[in-house]
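The sequence and structure are shown first.

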Amino acid sequence: NTITYSALVSAFEKGTQWWQALQLLLEMVVNHVERNTTACNAAISACGKGGQWWQALQLLTEMSDICIERDTITYNAAVSACEKGRQWWHALLLLRDMADNLIERNIISWNAAVSACEK
């Protein structure tokens, strides 16, 4: 079920196994298990930790396309992925997107964006 898959995606995130996290999200679709914000957030974070910033942004876009709620944690994970990938422009665009979508930007959001600009 969704909770089990989310826990597995989170475990892969902690192990920086981004490809496994994305594979589980795909498996959720194949098995008709609803993907949720928690599972997607963990997968975005896994992509960031694995240096796959473009995969993180792709998943963020996909979440919007299929109406999965994106929250501060979602965006922070994506901004952090951009920071790790030295993608300062994308990090700043994400901050603007947060404001446009009335999603709270917090100290983590700003710190990751500033760090992206420093690299």
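## Basis of the report

A residue is called buried under 20% relative accessible area, exposed over 50% and partly exposed in between, with a 1.4 Å probe and protein chains only. The model is predicted, and local features need pLDDT of at least 70, side-chain atom pairs count only at pLDDT 80 or more, and totals for chains, interfaces and linings use all residues. Residues are numbered from 1 along each chain as its sequence is written, and side-chain values use heavy atoms, with hydrogens and water left out.

## Salt bridges

A salt bridge is a side-chain nitrogen of Lys or Arg within 4 Å of a carboxyl oxygen of Asp or Glu. By this rule there are three salt bridges. Glu13, Lys14 and Lys49 are linked in a network. Within it, lysine 49 pairs with glutamate 13 at 2.6 Å, N to O. Lysine 49 lies in helix α3 and glutamate 13 in helix α1 (residues 2-14), so this pair ties together parts that are 36 residues apart in sequence. Helices are DSSP runs (H or I, at least four residues), numbered from the N terminus. The closest N and O atoms of lysine 14 and glutamate 13 are 3.6 Å apart. Glutamate 13 is buried at 9% relative accessibility, lysine 49 is partly exposed at 40%, and lysine 14 is exposed at 62%.

Arginine 35 forms a salt bridge with glutamate 62, with the closest N and O atoms 2.7 Å apart. Arginine 35 lies in the loop between α2 and α3 and glutamate 62 in helix α4 (residues 53-65), so the two tie together parts that are 27 residues apart in sequence. Arginine 35 is buried, at 15%, whereas glutamate 62 is partly exposed, at 28%.

## Packing of α2 and α3

Helix α2 (residues 18-30) packs against helix α3 (residues 37-49) at an angle of about 150 degrees, and their axes are 8 Å apart. Axes are lines fitted to C-alpha atoms over the stretch in contact, and angles run from 0 to 180 degrees between N-to-C directions. The two helices are therefore roughly antiparallel, a term for angles over 145 degrees.

Trp18, Ala21, Leu22, Leu25 and Met28 in α2 meet Ala39, Cys40, Ala43, Ala46 and Cys47 in α3, where contact means heavy atoms within 4.5 Å.

## Glutamate 83

Glutamate 83 lies in helix α5 (residues 72-84) and is buried, at 12% relative accessibility. Leaving aside residues up to four places away in sequence, glutamate 83 touches Ala112, Ser115, Ala116 and Lys119.

Methods:
Angles under 35 degrees count as roughly parallel, over 145 as roughly antiparallel, 65 to 115 as roughly perpendicular and the rest as oblique.
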